[in-house]
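Here is a short briefing on the structure shown below. Keep the sequence and the 3D view open as you read.

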Amino acid sequence: MKYLPSSSTTIRIRAILALAGLAATGLTLSAQAGDWRQFRGNGTNSIALNENLPTELSGGSVAWKIELPGRGLSGPIAVGQQVVLTASSGYAQDRLHIISFDAETGETQWERQFEATGRTGCHPKMCVATPTPASDGERIFAFYSSSDLICTDLAGNLQWYRGFGAEYRNASNSLGMSSSPIVIGSTVIIQVESEAEAFAAGVDTVTGQTKWKIDRPRKANWTSPTLLPADNGRPALALLQSSAGLSAVDPETGNVVWTFDSGASTIPSSLVVDGTVIIPSNGLTTVKPSADGTAIESVWNSSNLSPSTPSPVVINGLTITVNSAGAISAGDITTGERLWQLRLKGKFSGTPLASNGHLFFFNEAGYAFVVRPEKEKGEIVSELDLTETILSSPAASDNALYVRSDAHLWKFAQQR
Amino acid sequence: MNRFTIPIATLCLIVPAVADDTADAIQALQSVGERSAGTVDARTAVQTLKQGGADNLLPVLKAFNGSSLLAKNWLRSAFEGIADAEQKAGRTLPKGDLLAFVKDTSESPSARRMTFEWLLKRSPQLEDQLIPGMLLDPSPDFRRDAVKRLIDQASATKDGAATDLYAKAMSGAVHEDQVKTIAKALQDAGIEVNIPRHFGFLMAWKIIGPFDNKDQKGFPVVYPPEKTLDLSAEYEGQLGNVKWQPITTEDDYGVVDIGKQIENYKGSLMYATTTWQSEMDQAVEIRLGTPNAWKLWVNDELIFEREEYHRGTRLDQYKVPVSLKAGANTILVKICQNEQEQSWAQDYKFQMRVCNRTGAAVLPVTRAAANSTPRKEIR
């Protein structure tokens with residue numbers, strides 16, 4: 001049984017490619033319903049457009065709930081009719097799992113296990129399966145805290161295996177690594193950054209060979225690369241964040257095109273919406289690339305929109321951040337002025353998802369919140385207690401919402 | 001010539017060819033290297049092995065021994081691909097052969113465990129049949145399961161038999177959480193437990209310092225103890241002349257706490273050394289835990305170094321394979337403290353043990369000899 005893209009999926013992939021062209025006009029790359037191919041979605045901005053997600057969460061909105069074979073803070077990704085997830089298990093968390101589920105039924109299509117080649121020690125709150133996998137629509141790229149980067153095809157056949165933790169033996173953080181890979185064109189981009197060793201690399205999606213590897217600041221860093229979509233003839237760039245700031249990197253060569261040097265957070269990651277780069281730096285700072293794409297200009301900075309662990313999101317003209325007390329702050333996307341705050345319950349690790357005018361939050365205690373943000377205020381629309389620790393970020397695909405705990409993967413959809 | 005002659009002759013030609021294909025395919029998987037070397041051949045090899053079906057399962061498993069970890073992951077992929085396809089096709093796996101493989105402790109622990117878990121999917125009763133006999137297995141996973149069963153039995157036992165079960169469990173335990181559970185139960189029953197010897201911690205050291213590590217600049221500096229290990233020498237240190245001093249730890253988990261036992265000299269570094277008497281030439285693991293930057297030498301050879309400060313510490317944080325020679329082996333460690341002021345960044349300590357890949361202690365000659373005398377305590 002093969003799980004290759006169906007003809008309808010192929011059409012959708014073509015549509016995505018067409019939409020990539022639209023990104024040049026300012027639309028974000030995640031402007032297609034369907035796949036959710038990497039951490040924070042195809043556009044790495046947590047925005048799912050053209051989805052009809054259930055906003056009244058209740059037991060009835062749970063389409064299925066599947067038991068998982070291992071722990072994980074990684075989020076699910078969706079490719080065609082497959083939902084793919086990673087997990088880690090074993091006393092030393094050195095068993096690396098990749099699991100593919102049928103999106104419709106939740107049935108396990110295939111599971112592959114590997115043995116970590118790098119260090120697997122983590123803070124107890126983290127685990128080896130913390131980075132979210134990525135896909136180019138034909139392959140899965142599963143990355144782990146051990147710096148193992150594993151590529152399979154959609155049927156689970158191993159395509160190549162890179163043990164970056166074995167190739168570079170100090171490429172680890174004793175608290176664990178969390179940076180998720182992203183795919184731009186034919187390159188998988190990873191950040192492996194700790195005090196002992198730090199680099200970013202572009203890996204060929206087909207061969208697994210290193211296209212480029214650049215030194216990065218030797219500081220602990222848990223952020224993930226961000227996509228700066230192609231614009232006005234300029235190709236897409238990868239934005240690499242660190243305590244030093246942000247570097248825009250050519251995904252084909254690793255050449256740095258421009259830098260933002262004012263420092264940035266090492267946990268929440270940047271995002272790009274309509275050509276504006278929103279950086280967790282001194283609160284929130286926004287910049288815009290120049291017309292020729294080789295420099296940036298500041299837009300605004302707001303010190304009272306500082307995010308904690310979850311990355312910021314943008315919805316309805318608002319920047320949304322979550323602080324360490326579980327309060328969300330909404331700022332005006334054009335000025336950075338804080339407009340309102342809304343306190344939710346508990347602490348948050350996962351980044352919320354923005355779709356059909358709503359925000360979908362999952363706190364560490366397993367409470368789901370659906371919030372409708374408007375210019376003047378935010379309102380909690382519904383809540384659901386999933387009763388399990390959730391530290392991951394949700395995904396959206398084909399009108400369904402997915403989230404995982406250490407033990408389960410849930411699918412939420414409109415009740416039929 | 002009867003009508004079977006030609007097919008039989010053909011078969012004779014085909015069978016060795018298939019075996020050669022299998023061997024070549026396995027060789028391709030064993031040849032994969034870092035940086036994606038050999039990947040194209042490996043992909044083809046997996047397809048070849050899958051086409052051979054269940055007959056190739058055992059050759060794939062046997063190839064784990066002696067293969068690199070990277071190659072093992074390709075072999076694992078081939079095994080799972082074949083097993084998955086066979087089961088989805090409604091065919092059964094060659095249970096007898098696979099079961100014999102699981103029981104053969106000379107085979108790769110990780111391959112045996114993977115095989116066991118595939119067999120469990122269809123034969124869950126195997127867990128009860130096999131695990132109790134795996135208390136001293138080379139696979140830490142099998143050991144863990146066997147120890148867990150004994151702990152569970154002991155905790156459900158009310159009389160003195162519980163102590164015997166805990167003591168038996170301790171003989172196979174290699175994981176910290178299980179050792180702690182067992183040790184507490186035994187100690188509560190009035191039985192002494194020698195945890196340092198159970199894990200093989202190095203408890204007695206000579207230490208010298210502090211040397212300067214202000215602004216974390218001391219890590220690459222080659223101070224005199226790195227040049228010549230002279231335990232009678234005296235050197236100029238960070239705060240005056242320094243010389244080697246004995247230091248021992250009484251900590252159950254072998255923690256040498258420089259900050260508490262000596263002083264938390266901020267922006268400093270210390271060297272500690274000990275001698276480990278090996279009964280023979282042998283491959284072992286030195287396992288280290290420290291929140292500080294460190295370097296490790298064995299017999300004057302720099303084995304590993306890591307410049308990371310205060311990102312947590314735990315038992316077996318670092319597993320470093322080393323080759324020991326028969327007789328005296330010199331272990332030297334450099335431990336560096338920085339100048340961070342946060343409360344969680346004040347530890348200046350390390351713990352080190354010698355064990356095999358399973359995690360079971362490998363004891364030096366003197367302690368091994370002592371272990372042969374009757375003892376009331378349990379390690």
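**Strand 8 of chain B and the rest of the model**

Strand 8 (residues 293–298) of chain B is mostly covered, with six of its six residues buried. Buried means under 20% relative accessible area, exposed over 50%, and partly exposed in between (1.4 Å probe, protein chains only). Helices (H or I, at least four residues) and strands (E, at least two) are DSSP runs, numbered from the N terminus.

This is a predicted model, in which local features need pLDDT of at least 70 and side-chain atom pairs count only at pLDDT 80 or more, while totals for chains, interfaces and linings use all residues. Residues are numbered from 1 along each chain as its sequence is written, chains are lettered from A and ligands numbered from 1 in the order in which they are written, and side-chain values use heavy atoms, with hydrogens and water left out.

- Strand 8 of chain B runs antiparallel to strand 11 (residues 327–336) of chain B, joined by six bridges. Two strands pair if DSSP finds at least two bridges between them.
- Val298(B) stands opposite Ile331(B) in strand 11 of chain B.
- Strand 9 (residues 301–306) of chain B is also antiparallel to strand 8 of chain B, with five bridges. Here Trp297(B) stands opposite Leu302(B).
- Strands 8 and 9 of chain B form a hairpin with two residues between them. In the turn, Asn299(B) has a positive phi of about 50 degrees.

**Chain B overall**

- Chain B has 14 helices and 12 strands.
- Of its 379 residues, 49% count as buried.
- The C-alpha atoms of chain B fill a box of roughly 95 × 60 × 40 Å, taken along the principal axes.
- Among contacts in chain B between residues at least 6 apart in sequence, 73% join residues at least 24 apart. Contact means heavy atoms within 4.5 Å.
- Chain B is divided into domain 1 (5–124), domain 2 (140–193) and domain 3 (199–365). These bounds come from an automatic or database domain assignment.
- The C-alpha centres of domain 1 and domain 2 of chain B lie 37 Å apart.

**Nonpolar cores**

- The largest nonpolar core has 86 residues. Such a core is a set of buried Ala, Val, Leu, Ile, Met, Phe, Trp, Tyr and Cys residues joined through side-chain atoms within 4.5 Å.
- Ile98(A), Leu29(B), Phe79(B) and Ile182(B) have the most contacts inside this core.
- Helix 4 (residues 69–88) of chain B supplies the largest share of this core, eight residues.
- A second, separate core has 28 residues, including Leu202(B), Trp205(B), Val320(B) and Phe350(B).
- Ile98(A) touches, among others, Trp110(A), Phe114(A), Ile140(A) and Tyr144(A), not counting residues up to four places away in sequence.

**Helices of chain B**

- The axes of helix 9 (residues 161–172) and helix 10 (residues 176–188) of chain B come within 10 Å and cross at roughly 145 degrees. Axes are lines fitted to C-alpha atoms, for helices over the stretch in contact, and angles run from 0 to 180 degrees between N-to-C directions.
- Helix 9 of chain B brings Thr163(B), Tyr166(B), Ala167(B), Ala169(B) and Met170(B) to the meeting. Helix 10 of chain B brings Val179(B), Ile182(B), Ala183(B), Ala185(B) and Leu186(B).
- Ala146(B) lies in helix 8 (residues 140–155) of chain B. Ala146(B) counts as buried because its relative accessibility is 2%.
- Ala146(B) is in contact with Ile131(B), Met134(B) and Leu135(B), leaving aside neighbours within four places in sequence.

**Sheets of chain A**

- Four strands of chain A form an open antiparallel sheet in the order 19-20-21-22. Strand 19 (271–273) and strand 22 (296–302) of chain A each have a single partner strand, so one side of each is left without a neighbour in the sheet.
- The twist in this sheet averages 25 degrees from one strand to the next.
- Strand 21 (residues 284–289) and strand 22 of chain A pair in the antiparallel sense over six bridges. The bridge partner of Leu284(A) is Ser302(A) in strand 22 of chain A.
- Another open antiparallel sheet of four strands in chain A has the order 23-24-25-26.
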